[in-house]
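I set out below what I looked up in this entry, in the order in which I looked.

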Amino acid sequence: MQANDANRVRRELLIKIVREFMQGNLAEKIDRIPYELRPRDGQSSRCCVFKDRAVIKYRLMAILGIGVENETDEAKPLSEYLQDALDRELPDEDILSVLDVACSHCITSRYLITNACRGCFARPCTFNCPKKAIAVVNGQARINYDLCIDCGKCTQVCPYHAIIRVPIPCEEACPVNAIRRDEETDRQYIDFKACISCGKCMTACPFAAILERSQIIDVLKLIKAGRKVIAMVAPAIVGQFAGKLGQIAAALHHAGFARMEEVAYGAEMTTTHETEEFLERMKKGDHIMTTSCCPAYVEAVKLHVPELLPFVSDTPSPMRYTAEAVKKQDPDAFTVFIGPCVAKRKEAVADQNTDYVMTFEELGAMFAAMQIDVSSQEALPLDRDVKGYARGFATSCGVSAAILEELHQSHPEIEMPEINKQFINGLDHKTVKQLALYGRGKLPGNFLEVMACEGGCVGGPCAIGKVTLATAAVKKAAAGEV
Amino acid sequence: MDKIKVEICVGTTCFILGASELQELERFLPEGLRDKVDITGATCLGMCKDDNYGQAPFVRVGNRIVSNASISSVIEQIEEQLKHR
């Protein structure tokens with residue numbers, strides 16, 4: 001994830017919350033945090049420290065797992081929200097919220113003529129505008145926004161590239177148009193009937209106005225009470241911390257988890273099952289099968305691409321297989337999936353075996369708050385001998401690579417249907433349209449791997465490590481070096 | 001002349017508060033500095049204790065600590081030390 005102030009503030013808040021909670025001071029300290037971070041004589045990042053404090057309060061609510069839109073009493077202190085969080089048995093089903101006080105209400109006029117305009121002689125902008133919305137005034141082109149229909153013709157024809165498109169970042173990032181402006185209230189909102197919980201709006205918003213409801217308090221509560229909590233770490237974890245997998249296992253143990261289970265273990269089962277399923281489906285005459293491990297992608301197909309739905313693999317995701325195995329072995333334990341993903345929270349609500357979901361960012365904050373340094377841990381031996389390809393699930397094309405290897409290993413004797421694999425590396429407006437074409441058989445390929453995040457899970461919205469370096473680390477792990 | 005030692009703290013606190021970005025320092029070093037520094041990762045430098053984590057990430061350049069380190073502030077510090085040699 002990109003380094004910026006918003007991420008930094010969120011991580012600092014997480015560290016503070018964990019530290020105070022583990023020391024038993026959170027109820028007493030939490031209402032002071034906004035004041036400590038933004039003292040009266042200090043610097044503000046918005047208009048003034050008072051607004052900063054208000055925004056911080058809402059951020060803390062989100063960290064407590066409370067949806068800011070559920071606020072009914074503005075004067076309710078954070079300590080009471082903390083009590084609500086500690087009293088709840090199950091996390092919320094909706095995951096993202098728009099924080100209106102932080103939202104900048106980005107301008108809706110999307111085209112802007114910059115100073116690079118030289119008021120040229122040819123004036124292609126005025127000629128090509130279908131609504132005659134551009135005129136040259138005082139030597140510079142001007143857009144009459146009452147007439148402009150946002151078609152963008154002018155940007156294409158300007159020889160100086162002087163006309164730019166100013167996007168609304170969250171709307172631009174949402175692959176399925178689930179975030180938009182309510183015309184009546186002029187507020188940005190998420191339509192949960194369309195939202196696929198990919199988290200792209202959250203990372204795209206430069207005002208950090210989109211919040212994710214955390215479950216970190218729920219997990220900390222269990223740990224502090226001495227319950228058996230098992231950390232199921234996504235394959236993307238290698239490369240997220242400066243340390244080897246065995247060192248991460250040791251760090252998790254110090255943090256209070258009973259043990260670490262690699263979700264790559266479930267990825268092995270997903271691979272075996274999905275390989276069989278692929279062979280069956282090809283025999284049955286299906287023209288294509290597509291992967292089921294990325295929850296944001298599967299949700300996108302369910303809600304927006306009915307043509308492709310029959311071809312989505314029925315194979316459970318690595319998280320589900322792992323959680324099932326853990327619960328079978330340890331029915332009383334609590335399972336926490338730890339990954340880079342927002343959408344897994346949604347998937348986990350539907351999976352009775354996965355109790356909670358945490359992000360790499362939250363785990364990092366937990367380590368930092370508990371002063372557990374991953375890189376200086378003595379590595380624990382890994383419990384399971386996981387196949388390399390299963391550890392490669394976290395990068396784009398990793399799933400196909402695994403299936404190919406499995407086909408090769410498990411069925412060397414049978415004649416393979418020729419596998420023509422296709423990849424969609426990251427969902428956006430354009431690739432979502434492509435999905436429908438795959439469903440209707442208008443595009444070549446019989447195996448379609450789709451990851452909602454560019455680069456695969458390593459590029460997830462809640463990852464810590466740089467995508468390039470994390471990808472290299474996952475590839476190394478897939479090659480057997482952990 | 002000895003190379004200036006640049007140690008990027010990869011302790012967990014520094015790592016999540018920005019040191020993961022600093023791993024790319026080498027890529028952004030100006031041509032003239034490349035053979036004058038020796039960049040390594042360091043296990044926790046111990047600077048983040050005592051509630052001081054707000055200043056992370058930390059990088060040690062020679063014998064000076066750069067707090068709130070960014071690629072540009074580290075390069076600045078390297079140049080500063082080269083000037084005084």
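Where is the place of Q247(A)? I found Q247(A) in helix 11 of chain A; helices (H or I, at least four residues) and strands (E, at least two) are DSSP runs, numbered from the N terminus. I note that this is a predicted model, in which local features need pLDDT of at least 70 and side-chain atom pairs count only at pLDDT 80 or more, while totals for chains, interfaces and linings use all residues. Residues are numbered from 1 along each chain as its sequence is written, chains are lettered from A and ligands numbered from 1 in the order in which they are written, and side-chain values use heavy atoms, with hydrogens and water left out.

**Entry 1: Q247(A)**

I looked up the relative accessible area of Q247(A) and found 13%, so the residue is buried (under 20%; exposed is over 50%, partly exposed in between; 1.4 Å probe, protein chains only). Not counting residues up to four places away in sequence, I list V374(A), S375(A), S376(A), Q377(A), A379(A) and L380(A) as touched by Q247(A), contact meaning heavy atoms within 4.5 Å. The side chain of Q247(A) also reaches the backbone nitrogen of K244(A) at 2.8 Å.

**Entry 2: strand 9**

I traced helix 11 (residues 245-255) of chain A into a right-handed β-α-β unit with strand 9 and strand 10 of chain A. Right-handed means that, with the strands pointing away from the viewer, the path from the first strand over the helix to the second runs clockwise.

In strand 9 (residues 229-233) of chain A, five of five residues are buried. I see V229(A), A231(A) and V233(A) pointing one way, and I230(A) and M232(A) the other.

I checked the strand pairs, for which DSSP must find at least two bridges. Strand 9 runs parallel to strand 12 (residues 334-339) of chain A, joined by five bridges, and M232(A) stands opposite F337(A) there. Four bridges join strand 9 to strand 10 (residues 259-262) of chain A, also in parallel, with E262(A) as the bridge partner of V233(A).

**Entry 3: chain A against chain B**

I found 27 residues of chain A in contact with 21 residues of chain B. The buried area is about 1,900 Å², 56% of it from carbon and sulfur atoms; this is the accessible area (1.4 Å probe) that two parts lose on being put together, summed over both. In chain A, R8(A), R19(A) and K466(A) lose the most area to chain B, together 27% of what that side buries.

I counted two salt bridges between the chains (side-chain nitrogen of Lys or Arg within 4 Å of a carboxyl oxygen of Asp or Glu). K466(A) and E21(B) meet in a salt bridge at 3.0 Å, N to O.

Notes: Polar contact = N/O pair within 3.5 Å; in protein donor to acceptor, adjacent residues only side chain to side chain.
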